[in-house]
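Reader: I am new to reading protein structures, and I would like to go through this one slowly. Could we take a few helices and residues in turn, with the reasoning spelled out?

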Amino acid sequence: MTRCKDKIAIVTGAASGIGRAIALELAREGAWVSVWDVNESALAEVKSAIEALGVPAMTQVVDVSSRSQVRKAAHEVVKAWNRVDILVNNAGICRMGAIEEIQEDEWDLVMAVNLKGTFLCSQAVMGGMKKQGSGKIINLGSLSGKVGGIVAGAHYSASKAAIMCFTKSLARELAPYGVNVNGMAPGVIETDMTRTLAAGDYSSYVAGIPMGRVGAVKEAARVAVFLASEDASYLAGEIIDVNGGQFMD
Ligand code: NAD
């Protein structure tokens, strides 16, 4: 499969879960992948898994909420591989809690990682994409950003709603330069994040999902690959639901 052959991709938060699956699926399609995450100890395994698919990989310890770290990492990718064709803004953290109980520092942290991180990473690569007249940016929104959160806290849901709106603003700004910016809104996908939220028991979630099951990381990753490929060449500001029918709009 060669839908992304020799494309240079950055996937944030790719040490685990959906991000790891996206990194591997992009590699399967021929992309060279730079894996960014704060979880340093998990990066070596992802690098080997990508390289085993026959494409180059690099890993960087990056906190996406830090402008200096993001700038440095983006610069290193361009220095090593000359360009960035694909950015997947996947890094995210989820917190729960009633609004009255959310601490200010928790609110700020969720917004900094999820929303500011998406902004900073996009800003770091968009100049190069404009110059080369091509590029794909894919942002991870969420079903909770559409419906106000079911289990996740208001800070998480609000950050995801803002990411989906930011996706549209960025898409409008970059479409004239041949850069496609789109997003995804997953429902419940089985990862460490949702295993924690569900405390290992997905049965109450499954009850509201017409497909009768939660999603697998690969099912989210294949949608990201579509958005990163030329098959999505006429999409701008589109947010694709990946939720087994849990919510349709
Ligand atoms: P996960 O917790 O399994 O993975 C998130 C990754 O992001 C981890 O590897 C973590 O180390 C990394 N990360 C956290 N903070 C970071 C930072 N500051 N800088 C860089 N990396 C950081 O979560 P997941 O379920 O795979 O979620 C991936 C994305 O998909 C998130 O944006 C999440 O909000 C979104 N999402 C997930 C679901 C789901 O059901 N799993 C649903 C909707 C949206």
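Reader: Which residues of H6 are buried?
Author: Please keep in mind that this is a predicted model. A residue is called buried when its relative accessible area is under 20%. In H6, the residues that count as buried are His155, Tyr156, Ser157, Ser159, Lys160, Ile163, Met164, Phe166, Thr167, Leu170, Ala171 and Leu174.

Reader: What covers the buried residues of H6?
Author: The cover comes from both helices and strands, with contact meaning heavy atoms within 4.5 Å. Among the strands are S5 (135–140), S6 (179–186) and S7 (239–242), while the helices include H4 (104–132), H5 (144–147) and H7 (192–198).

Reader: How far apart are the end C-alpha atoms of helix H6?
Author: Helix H6 runs over residues 154–174, which makes 21 residues, and at 1.5 Å a residue these should span 30 Å. The expected span agrees with the distance between the end C-alpha atoms, which is 30 Å.

Reader: Is threonine 118 buried or exposed?
Author: Threonine 118 lies in helix H4, and, leaving aside its neighbours within four places in sequence, it is in contact with Asn89, Val113, Asn139, Ile163 and Phe166. Because its relative accessible area is 4%, threonine 118 is buried.

Reader: How do H1 and H9 lie to each other, roughly parallel or oblique?
Author: Helix H1 (residues 17–28) and helix H9 (residues 217–228) pack with their axes 8 Å apart, at an angle of about 50 degrees. Since angles under 35 degrees count as roughly parallel and those of 65 to 115 as roughly perpendicular, this angle makes H1 and H9 oblique.

Reader: How many nonpolar residues does the contact of H1 with H9 have?
Author: On the side of H1, the residues that meet H9 are Gly17, Ile18, Ala21, Ile22, Glu25 and Leu26, and those they meet in H9 are Val217, Lys218, Ala220, Ala221, Arg222, Ala224, Val225 and Ala228. Sorted by class, the contact has three charged residues, one polar residue and, as the nonpolar count, 10.

Reader: What is the handedness of the crossing where H3 passes H4?
Author: The axes of helix H3 (residues 67–81) and H4 come within 9 Å and cross at roughly 35 degrees. Arg67, Val70, Arg71 and Ala74 of H3 make this contact with Leu120, Cys121, Gln123 and Ala124 of H4. The crossing of H3 and H4 is right-handed.

Reader: How far apart in space are glutamate 45 and alanine 15?
Author: Glutamate 45 has its place in helix H2 (residues 40–51), and it counts as partly exposed because its relative accessibility is 41%. Although glutamate 45 and alanine 15 are 30 residues apart in sequence, their C-alpha to C-alpha distance is 8.3 Å.

Note on methods
Residues are numbered from 1 along each chain as its sequence is written. This is a predicted model: local features need pLDDT of at least 70, side-chain atom pairs count only at pLDDT 80 or more; totals for chains, interfaces and linings use all residues. Side-chain values use heavy atoms; hydrogens and water are left out. Helices (H or I, at least four residues) and strands (E, at least two) are DSSP runs, numbered from the N terminus. The expected span of a helix is 1.5 Å times one less than its number of residues. Buried means under 20% relative accessible area, exposed over 50%, partly exposed in between (1.4 Å probe, protein chains only). Axes are lines fitted to C-alpha atoms, for helices over the stretch in contact, and angles run from 0 to 180 degrees between N-to-C directions. Angles under 35 degrees count as roughly parallel, over 145 as roughly antiparallel, 65 to 115 as roughly perpendicular and the rest as oblique. Ala, Val, Leu, Ile, Met, Phe, Trp, Tyr, Cys and Pro count as nonpolar, Asp, Glu, Lys and Arg as charged, and the others, Gly among them, as polar. A crossing is left-handed if the near helix is turned anticlockwise from the far one by less than a right angle, and right-handed if clockwise.
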